[in-house]
Every structure is written in structure tokens, then in C-alpha cells.
Amino acid sequence: MSNNTAHEEPELVQLLTPEGVFTEHPDYPLDIDPEELRGLYRDLVMVRRVDTEAVALQRQGELGLWASLLGQEAAQIGSGRALRPDDMAFPSYREHGVAWCRGIEPRELLGMFRGVTNGGWDPAEHGFHLYTIVIGSQALHATGYAMGVQRDGSVGEDGAAVIAYFGDGATSQGDTNEAFNFAAVNHAPVVFFCQNNQWAISEPLERQSRVPLYKRAAGFGFPGVRVDGNDVLACLAVTRAALNSAREGQGPTLIEAFTYRMGAHTTNDDPSRYRVSAELEEWERKDPIQRLRTYLEKEGIADEAFFAEVEADADKLGERVRHECRTMSDPDPLDIFNEVYAEPNVHIDRQRAEFADYLASFEDSGAEGGR
């Protein structure tokens with residue numbers, strides 16, 4: 001490969017420019033009505049409000065940690081709304097927008113980061129797996145699940161597909177690359193959705209890969225595409241096409257959503273130590289919510305009354321999030337033993353009894369101390 005070829009500007013699928021101008025793409029047509037467009041805008045605003053409230057709650061000591069999605073709303077809402085009810089999503093720990101699309105209540109997410117639940121929802125009911133902290137492991141889980149879908153005969157035009165979410169940092173993990181290989185050789189109905197937010201904590205993208213991430217798919221024998229991750233319409237169209245391709249038996253696709261992490265990696269991180277403010281300002285001009293609002297206004301699809309209504313609903317949501325977080329009850333310490341195994345287990349029963357006796361010893365000690 002020549003140096004000129006290696007440094008060619010990667011193709012970026014974009015339907016909506018940062019200035020709010022819509023342009024059709026020959027490979028990714030989008031059939032969407034005004035109601036759906038207004039719904040996407042509402043989704044973007046709502047998940048940003050949940051995220052903003054969660055960051056504030058963590059700063060107030062109500063959450064132990066929070067991984068912000070600020071700036072990545074379009075990638076998550078666009079791809080999340082491309083999913084059908086029978087599809088299954090495997091998230092990392094930042095996919096709050098996809099969770100929203102799959103009907104997960106914000107309080108269920110907050111409960112994990114508050115430390116009062118080990119999950120909070122039924123993955124089968126929502127088509128949305130539990131959050132995964134181990135970087136890249138969910139790509140293998142998704143591939144295995146997709147191979148199961150394939151072997152169950154649940155593919156086809158009306159069948160199911162699987163999507164795995166991960167960040168640019170996960171592409172350096174062995175698990176992710178093993179998942180690519182397994183998916184390719186088994187022609188598994190899975191979409192790998194990489195949110196390239198430019199930073200793997202404090203490690204910049206150029207320290208992760210010498211080629212655009214979507215081009216890695218070619219080495220494993222399946223297609224890859226880079227989409228404007230701040231364009232909710234492009235993310236919807238590209239993900240919908242990839243999922244359809246997967247369920248129709250054409251194998252996996254790697255989508256690189258080119259976006260930016262506007263906030264910290266988590267609330268324990270200080271991004272000012274490793275990135276400059278000019279970079280942040282550049283990406284602020286590409287804000288996913290503002291570009292969609294501009295388009296809706298220009299095309300007369302939404303008026304000021306609609307935007308005011310959305311803001312009012314977001315305020316109500318913020319109030320509910322704060323209330324539900326602060327009023328969460330702590331779990332019974334013995335609850336940790338409840339769902340270790342699907343069936344009764346003598347070893348777990350013994351451990352539960354031993355731990356119950358241990359807890360009771362503190363109560364006995366307190367009673368003696370009071371006499």
C-alpha cells in the first residue's frame with residue numbers, strides 16, 4: 001500500500017450536515033416521516049437530560065460513578081431505533097441511549113451505579129443485555145448469541161439480528177478481534193457498532209490504530225462502514241441496513257460511528273489533563289441535537305410549541321430521575337445470593353446461612369453493648 005493510499009480521507013456516510021442540511025445517500029436511503037423525526041429529536045433531548053442529571057447526582061454523592069454519553073446521543077439513538085423487537089443488543093457501560101430505546105427505565109441504570117442492584121432488568125424481555133464492564137467481552141457474547149440465533153433458524157427477512165456496542169479502545173482487545181473472526185467464519189447475524197469517540201480514556205485514537213477502524217473488517221472478510229456518529233439520521237439508516245443484511249444471511253458488518261466524547265470518560269476522570277479545549281470547541285459545532293433541530297425548523301417539521309413541550313417534558317423527567325435516585329432503598333445483604341444459579345444449590349444455601357449468621361453476630365453484639 002502506498003503512502004498516498006494509506007492516508008486517503010476515509011469515506012463518511014452523512015445524511016444531515018452540522019448545518020442541518022439533508023442530503024440523500026445512494027447506498028443508504030431513509031424512509032422516515034415527520035412524526036418519526038420529531039420522535040428522534042425527543043429521544044436525543046431526553047437521554048441527554050438523563051445523562052446530565054446522573055452526572056450531577058454523582059457529584060452530589062448519590063451515585064458511586066457515572067459514564068457519560070454526552071456527544072454520543074445520535075450514535076446511540078439512531079442505532080437503537082433501528083432495532084426491531086426481536087433483535088438483541090449487547091452494550092458496554094455507556095449505552096444509556098440504546099437502553100432508552102429498548103424501554104429500560106433510567107432508574108434501572110442509576111440503580112447499578114448507585115450500587116443497589118446487580119442489573120435491574122430482564123435482558124430477554126427488553127432485547128438488551130446487562131451492562132458489561134470488561135472491555136470488549138460483550139463482542140464475544142453477541143457473536144455467540146448470534147450463532148445461536150442462526151442455529152435456531154431465526155434468521156430471514158422477518159428474523160432476528162444481534163448488535164454489539166463498544167468503543168474505539170475495545171478494538172485493541174483480543175476479545176473483540178476474536179469475535180470478528182468467529183462472526184466472519186460462521187457468517188453470524190451480528191452487527192459490530194463501534195462508537196469511536198476519539199479517546200480510550202486518555203489514549204488518543206492514533207495510539208489505537210494506524211488505519212481507520214472500519215477498515216479492520218476487511219481483514220476478517222466482512223464489510224465495514226464509517227458513519228457520522230453525530231448524525232442521528234445516518235446512524236439510523238446505516239444500522240438499519242446492516243441489521244437487515246445480517247438477518248438476511250449476509251453475515252456481520254462493522255459500523256464505525258465517528259463521534260466525540262464531550263465529557264469525561266467517567267466521573268472519576270479529568271479530560272482537561274490530556275486534551276485541549278480547541279478540540280472540544282470544534283466538536284461542539286457538530287452537536288447532534290442542534291443539527292437535527294435546525295433541520296426540523298428549516299423544513300417546518302416542528303415549531304416552537306413542539307420544542308417548548310419537549311423541554312418541559314425533559315424537566316419533568318429530570319425531576320423524576322432525581323427523586324427516584326434519592327429514594328432508592330438499599331438491598332438486603334442476603335439478596336446477593338438470590339440469582340447466582342437458576343436452580344437451588346446446596347453450596348449457595350450454605351454460604352447464605354453462614355453470611356446470615358455473620359450479620360446476626362453484629363446485631364447480637366449491639367444488643368450486648370446496650371445492656
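This is a predicted model: local features need pLDDT of at least 70, side-chain atom pairs count only at pLDDT 80 or more; totals for chains, interfaces and linings use all residues.
**Exercise 1. Two loop residues**

In which loop is Ile201 found?

*Solution.* 
- Step 1: Ile201 sits in the loop between β4 and β5, the latter covering 203–204.
- Step 2: Check the backbone. Phi of Ile201 is positive, at about 55°, although Ile201 is not a glycine. Most residues other than glycine have a negative phi.
- Step 3: Judge the exposure. Buried means under 20% relative accessible area and exposed means over 50%. Ile201 has 42%, so it is partly exposed.
- Step 4: Turn to Gln198. Its loop runs between β3 (190–196) and β4 (199–200). Gln198 is also not a glycine and has a positive phi, near 80°.
- Step 5: Apply the cut-off again. With a relative accessible area of 13%, Gln198 counts as buried.

**Exercise 2. The surroundings of a phenylalanine**

Find Phe307, decide whether it is buried or exposed, and list its contacts beyond the neighbours within four places in sequence.

*Solution.* 
- Step 1: Locate Phe307. It belongs to helix α13, which spans residues 304–326.
- Step 2: Look at its accessibility. The relative value is 2%, so Phe307 is buried.
- Step 3: Collect the partners. Once neighbours within four places in sequence are set aside, Phe307 is in contact with Tyr41, Arg293, Leu296, Glu297 and Ala302.
- Step 4: Leu37 is 270 residues from Phe307 in sequence, yet their C-alpha atoms are 13 Å apart.

**Exercise 3. The chain as a whole**

*Solution.* 
- Step 1: Count the elements. The chain has 14 helices and seven strands.
- Step 2: Look inside. Of the 371 residues, 50% are buried. Among contacts with a separation of 6 or more, 75% join residues 24 or more positions apart.
- Step 3: Compare the charges. There are 34 positive and 62 negative charges, and their mean positions are 4 Å apart.
- Step 4: Divide the chain. The assignment gives domain 1 (16–327) and domain 2 (335–366), with C-alpha centres 38 Å apart.

How values were computed
Residues are numbered from 1 along each chain as its sequence is written. Side-chain values use heavy atoms; hydrogens and water are left out. Helices (H or I, at least four residues) and strands (E, at least two) are DSSP runs, numbered from the N terminus. Buried means under 20% relative accessible area, exposed over 50%, partly exposed in between (1.4 Å probe, protein chains only). Contact means heavy atoms within 4.5 Å. Lys and Arg count as positive and Asp and Glu as negative; His and the chain ends are not counted. The place of a charge is taken as NZ of Lys, CZ of Arg, CG of Asp or CD of Glu. Domain bounds come from an automatic or database domain assignment.
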